[in-house]
Amino acid sequence: MKIDDKKRVLREMVLHRRFEERCYQAYIERKIGGFLHLYPGQEACCNGVMEAARPGHDYVITGYRDHVHAIKCGADPKEVMAELYGKETGSSKGRGGSMHIFDTAHRFMGGYALVGGPFPLAAGIAKAIQLKGGDEIAICFLGDAANNQGVFHETMNMAALWKLPVLFVCENNLYGIGTSIERSTAVVHQHKRVAAYNIPADECDGQDIDIVYEHARKAVEHVRAGNGPFFLELMTYRYRGHSMSDARGYRSREEEETWKQRDPILMLRDRLITAGAMTMADYEALEKETDAYIENEVIKFSEESPEPRVEDLEKYVFAERETQLPWLTGKAA
Amino acid sequence: MANIMYWEAIQRAHDEEMARDPLVICMGEDIGVAGGTYKATKGLYEKYGPLRVMDTPISEGGFSGLAVGASFLGVRPIVEIMSVNFAWLAMDQMFNSAAKVRYMSGGQLTAPCVFRSAGGAAHQLGAQHSARMEKVFMGIAGLRVVTPSNPKQAYGLLKSAIRSDDPVFINEHELMYNMKGEVPDGEYFHPLEGSDIARAGTDVTLLGYNISVHWCLKAAEILDKQYGISAEVVDLYSLSPLDRAGIKKSVSKTHRAVVAEEDEAPVGVGSEVIAIINEECFFELDAAPVRVHSALVPQPYNHTLEKAAIPDHEDVVKAVLKLFGKA
């Protein structure tokens with residue numbers, strides 16, 4: 001990555017971090033309901049991969065830890081936050097919530113809340129690309145625990161069999177909800193699991209964005225060149241619990257501190273300072289600017305936006321009736 | 001009008017729609033090179049090739065999800081699930097992805113997929129190949145459920161389902177693929193909503209769907225000839241949504257109702273239809289509505305036990321006679 005790109009990505013990652021921390025606060029204030037799965041600690045994964053891909057052009061799909069992936073694809077942070085607030089201006093018009101952010105205008109095909117559910121959906125998106133003949137690829141971001149679902153294997157088999165243009169990114173954060181990978185999974189290194197399907201795979205540090213970017217570039221090139229699927233495992237860590245009611249009793253504070261020593265944002269910041277591309281004062285100003293933007297625009301927009309109308313409760317269950325009349329009534333032209 | 005078989009009608013709908021739109025594809029187990037377990041995709045592999053007629057691995061959850069994902073980009077997949085019993089494995093994707101995605105994305109994404117499956121009990125296929133599961137599908141918001149009782153419906157419902165922007169589940173029947181019937185020569189779209197009057201009558205309404213329409217028709221003939229009872233047969237080809245207006249209209253006319261289903265009774269088509277009758281026209285009733293249904297047992301293998309578990313036209317006749325105090 002060029003130095004200007006790195007500075008831009010640092011700015012984005014700071015936004016991603018502060019956005020998520022602000023969600024936490026809003027949840028405590030009961031502005032956000034339901035489940036809330038936060039991303040701090042894993043920012044280099046989404047950012048590194050998407051820098052190597054084409055956000056807004058390639059199709060991205062993921063699980064319920066989805067706010068940052070949506071924003072990285074081009075979703076407006078205001079609309080993502082408004083969705084968490086359950087507002088009509090939210091990206092899914094308040095019908096989805098934290099786990100179901102969608103922004104199809106930017107080809108972010110959604111967050112899904114059944115672990116492993118997006119695997120075959122991603123393969124299907126890739127199948128559609130294959131049929132239509134575009135140069136896009138499908139990128140499926142999921143956690144390590146998703147690989148213990150049956151559809152993981154079903155999808156890997158089909159993706160390899162039909163050479164589908166799909167990149168599977170495994171963000172291995174070592175825990176599936178509150179169970180460590182050693183206690184749930186016979187093979188800890190997830191990239192080894194796709195060897196059975198002849199899918200090329202790679203594993204790397206998911207905390208260092210330069211490393212993620214380099215590995216992702218090769219992975220993306222492989223898929224875009226029409227060579228079929230690729231599986232990229234990124235070793236990472238989520239700082240917060242799985243969701244909000246998680247006191248993290250299943251792991252030690254020492255382990256958490258060890259991972260925080262290799263914070264993806266601070267590592268990139270220090271690298272830029274060492275290279276003379278920015279100063280600590282620049283970074284502090286960036287944090288302040290980001291917080292001000294979140295408060296004055298993102299939160300303000302979400303607070304002031306209207307609730308959905310109760311009269312619209314059943315809107316979006318089916319396609320707009322007027323557009324479907326020939327098939328509903330049999331009176332086709 | 002051509003007199004063709006149920007499977008031929010389904011095959012024709014596939015062929016016409018695939019010829020019209022290159023984004024219409026079909027997939028399932030043995031549907032391509034092998035020609036389809038029920039021949040419903042016969043000849044399509046040779047005509048449209050492996051990219052559009054996909055022989056899938058035996059991975060119902062996987063290929064159903066793949067179809068849903070492809071539909072997000074405007075592809076119109078027709079998925080054959082060889083037996084409805086296997087649909088349990090596909091339900092996560094059908095229900096959690098296809099049926100909900102439009103709502104949870106605030107209308108941004110839609111999943112115009114068609115899932116076809118052979119339902120019903122055939123002959124001695126045992127507990128895991130004989131289930132009737134329409135009750136499971138018909139309670140899912142965002143999913144349309146239709147079930148053809150004849151070749152004309154099989155053709156026209158599939159045509160409409162492919163064109164519809166909503167996901168549609170089509171419940172077919174293992175024993176009906178070779179049934180013959182008239183299908184229009186020209187293109188025909190059967191409505192996805194509503195019901196058909198399969199036989200007009202005045203004294204009692206017999207409500208059936210799929211194979212039980214035929215029990216009702218046979219029962220109506222017996223009732224007419226032997227007992228002088230005029231039965232109206234309502235064909236509920238749309239199980240979701242059910243045709244409230246059609247049910248009300250017929251029952252308000254005859255004042256009596258029998259619902260016949262091959263499924264077991266609890267939480268089924270019969271319970272739902274009778275609830276609708278209560279809500280729509282309770283005070284029109286001259287007698288309490290009756291359900292005809294299967295025994296609540298895993299389907300037995302033994303021929304005699306199997307026959308005892310599943311109702312037929314005689315059970316419908318008995319139910320009607322009981323309603324009239326003649327049993």
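Tutor: Welcome! Local features in this predicted model need pLDDT of at least 70, side-chain atom pairs count only at pLDDT 80 or more, and totals for chains, interfaces and linings use all residues. Residues are numbered from 1 along each chain as its sequence is written, while chains are lettered from A and ligands numbered from 1 in the order in which they are written.

Student: Why are α1(A) and α11(A) called oblique to each other?

Tutor: Helix α1 (residues 3-28) of chain A packs against helix α11 (residues 280-304) of chain A at an angle of about 55°. Angles under 35 degrees count as roughly parallel, over 145 as roughly antiparallel, 65 to 115 as roughly perpendicular and the rest as oblique. The pair is therefore oblique.

Student: What makes B:D30 partly exposed?

Tutor: A residue is buried if 20 or more other C-beta atoms lie within 10 Å of its own, exposed if 12 or fewer, and partly exposed in between. B:D30 has 16 such atoms, so it is partly exposed. This residue also has a positive phi of about 65°, although it is not a glycine.

Student: And why is B:V267 called partly exposed?

Tutor: Its count is 13 other C-beta atoms within 10 Å, so B:V267 is partly exposed. You will find B:V267 in the loop between β13 (257-264) and α10 (269-281) of chain B.

Student: What makes the peptide bond from B:S240 to B:P241 cis?

Tutor: Its omega is near 0°. B:P241 sits in the loop between β12 (238-240) and α9 (244-254) of chain B.

How values were computed
Axes are lines fitted to C-alpha atoms, for helices over the stretch in contact, and angles run from 0 to 180 degrees between N-to-C directions. Helices (H or I, at least four residues) and strands (E, at least two) are DSSP runs, numbered from the N terminus.
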